[in-house]
Amino acid sequence: MRKKDKKLGLPSYQYYKDTHIGMSVEAIKQSVLDHLYFNLIKIPHTATLNDWYMALVYALRDRMVKQWIKTLKNLTEDIKIIAYLSSEFLIGPQLEMNLLYLDIYKEVSQAFKELGIDLKELIKQEKEPGLGYGSIGRLAACYLDSLTTLNIPTIGYGIFYEFGPFEQEIRDGWQIAKTEKWLLLGNPWEILRPEVTYNVNFGGHTESYYDEQDYFRVRWIPKFSIKGVAHDFPLLGYKVGITNLLRLWKAEAIESFDFEAFNKGDYFGALCEKIASESISKILYPDDEPYSGKHLRLAQQYFFVSCALQDMIRLHLLRWKNIESFPTSFAVHLNNSDTAIAVAELMRLLVDEHLVSWEKAWYITQNTFSYTNHSVIPENLEKWPVPLFADILPRHLEIIYEINRRFLNEICIKYPNDNDKLSRLSLIDEMDQKYVRMVHLVSLGSNAINCVSSFHLKLLKDTFLSDFYEIYHEKFLNITNGVSQRRWILLNNRRLAELITNTIGDCWINQPKELKKLEPYAEDKDFLKKWMQTKYHNKSDLTEIIYNKTGNLVNPHSLFDIHMTRIHEYKRQHLNILYIITLFNRIKNNPQIEVTPRTFIFSGKTSPGYFIANLIIKLINSVADVINNDQDIAGRLKVIFLPNFNVKNSHKIYASADISEQIAQPNREISGIGGIKFSMNGALTIGTFTGLNTELYEEIGAENFFLFGMTPEEISKLKYHGYNPIVYYNTNPNLKEVINLIGSGFFSRRDVNLFKPLVDSLLCRDEQMVLADYQSYVDCQDLISTIFKDQEKWVKKSILTVSHMGKFSSDRAISEYNKKIWHIAPLKIDYDGI
């Protein structure tokens, strides 16, 4: 019976506390039922699985609110906050993670058991949030996790995409892109803030004038405006008192319905503004090949950056501080160059809206921003045609021109008569068509420029940003990327996490260096056996998934060789395929040959408009179709393509890998955090001299890493002297046999034209040096096959790999960011189990 407040006749606070935020099985069960009745208007025997999932999330959210409110109350005006701006946050499913972080998994499981429902089925019910696509989004999610667990007050700012990148299907071997409707059945984690909205302007023109104090001013007269509406997601840390915030912006029309047009009979026209405005946050990464795609993408970047900065300024002024002290409230970190427009936008807000002088505004800006560069690939370095930029953001182009004028004046004084240096440093590229160089803008406007690996720092300072490094070398630093061991071991691989905890205790969950304690157990035969069994059970789970998704039966005792990443020429999935065909040829030429059984597993998406990458997917599936149906090969090789790679689908794959393929061309890959996730789960790595590979190689030792291929210096030297891939084709009979087999139509039902563009690209250009690295890769793979036969030796290497993963934790990375860049004191709030 409910206890009532004697004066009001209402349920007492104690009852509310026990039921709505209580942690007992009975309290959780009652809370879920209450939400089922009162929020979803359902009764148990008519409720769907999704209804139960929604009710459970609402019940968990109640239990998160107390700590969230306590955090807000403790954010006094002297506490500085990290604002982490990213176009992606690949946070993955939240239900199971929050159950673990609240430490109530067992209680919730028992509550639903008593309700006749399997909690695991509810966890499967949760959709993948379509808020990211690649490694930048995964990194941002891990960093928010570590920021919260390390008690650093943070707001993540991004876009509330209605649709994710796309849902991938494979039909007749080809990738088919389908709309990813992740919000179709609702998203109970989000909290809509309709009162937190900001207008964002686009297009139009500017007018200059002098104000009453005779100061020169500029007024932006926009062509149209939209509004950004805040959607909040609470972010838990692991068993800590603080709760942080992810605030995402959805685009809406300021006037969503044109009543006058409707009355005139223009029923579709009445909704035009609504449709145009909402397109800004409709989908992640529109195709930017056509002009309209570029237009939308730049508008998308500016939209969320403007909303975020306006929100920060509002929160700062609510602290009764003046605008000039803005950097005392926020340290704004820009995750990649697609947020670089923030530099010009903050200048606009300060100079035009808050009437700060140019010099003070520039000082504030440079003391506010820090920046992480994630790429040296030309197509990933933001550059916008000046006419396009002027059409969308005319005032910002003026501001960038003025920043550039003042900057180049300084350079002229420091380097007189050096026009080449001026041209290289200019924020405007005038070599051909004029472009705005966003990386130059953000490098100039930030107080720190981080590179995500030591190799990346060397590459950046020696090539693309060498002139900036010469002038501002104190800005540049290397904080190596890391991922969260909580998501990628504790949540991702429960069996391994339990084995580690039972062996060395649970301190590793928040202190990843503790994993080093596993090292001596590599000599413990009983522990080796348990490790081996854990991997086998994980591989058995993946075997079942593979059968359900592809209809292929695979052997869990075989070597699971996994290549899971974005499908791209520089990721070199085609090098892997060349080796698979090499093995195929060996067996066909000598059916009695001994081969270590292998299951090659590929997973990844590519842009629908990227022809060669789509052709690589087709080749993988075509080779799989031949090999998986050849009786000579049966039991020795399997080739699998698992569709729709995302966080949720990747969990079982990371946990099951024996070998992780990190084989990108060195001069193109500077990080590669996917490889770290594999290593955290005990996979060994075959890799090239890329960014994180090199550091992983140094950390775990050469004997535990399979390194192959040319070094970056050797690649540069070969290209300088003229790389001719046809030489490698003509001088390597095995390679020639493989290429010829593909070109003959053997894997394409005798269609000799299907894979001709891919074969021609290898023989004529081979920009990724696939043929040059082929033999080294084959030799390294053969060594792997030999070592895998000695399972005790293999498992020792696996244990030693995991024991050295502390360095690659996002906790370590965030601690370094805070020590070297942000300098923010942790916010200590007692954790009381919520």
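## Helix packing, the open sheet and selected residues

Helix α2 passes helix α5 in a right-handed crossing, that is, the near helix is turned clockwise from the far one by less than a right angle. The contact is made by V25, I28, K29 and V32 of α2 together with E107, V108, Q110, A111, F112 and E114 of α5, where contact stands for heavy atoms within 4.5 Å. This is a predicted model, in which local features need pLDDT of at least 70 and side-chain atom pairs count only at pLDDT 80 or more, while totals for chains, interfaces and linings use all residues. Residues are numbered from 1 along each chain as its sequence is written, and side-chain values use heavy atoms, with hydrogens and water left out.

Helix α2 covers residues 25-38 and helix α5 residues 105-114; they pack at an angle of about 60°, and their axes are 8 Å apart. Helices (H or I, at least four residues) and strands (E, at least two) are DSSP runs numbered from the N terminus. Axes are lines fitted to C-alpha atoms, for helices over the stretch in contact, and angles run from 0 to 180 degrees between N-to-C directions. The pair α2 and α5 is therefore oblique, the class left after roughly parallel (under 35 degrees), roughly antiparallel (over 145) and roughly perpendicular (65 to 115).

An open sheet of 9 strands has the order β5-β8-β9-β2-β1-β10-β11-β15-β16, with mixed pairing. At its edges are β5 (191-202) and β16 (476-478), each of which pairs on one side only. Neighbouring strands of this sheet are turned by 25° against each other on average, direction ignored. Two strands pair if DSSP finds at least two bridges between them. Strands β1 (residues 81-85) and β10 (residues 330-335) run parallel and are joined by 5 bridges; A83 has V332 in β10 as its bridge partner. Helix α16 (residues 438-445) packs on the sheet and touches β10, β11 (369-373) and β15 (449-451), its direction making about 135° with that of β11.

| Residue | Relative accessible area |
|---|---|
| C307 | 0% |
| C780 | 8% |
| N621 | 16% |

N621 lies in helix α23 (residues 611-627). Neighbours within four places in sequence aside, N621 is in contact with I170, G173 and F641. N621 and V639 are 18 residues apart in sequence and 8.0 Å apart in space, C-alpha to C-alpha.

The model has 0 disulfides, a disulfide being a pair of cysteine sulfur atoms within 2.5 Å.

Technical notes. Buried < 20%, exposed > 50% of the residue type's maximum accessible area, 1.4 Å probe, protein only.
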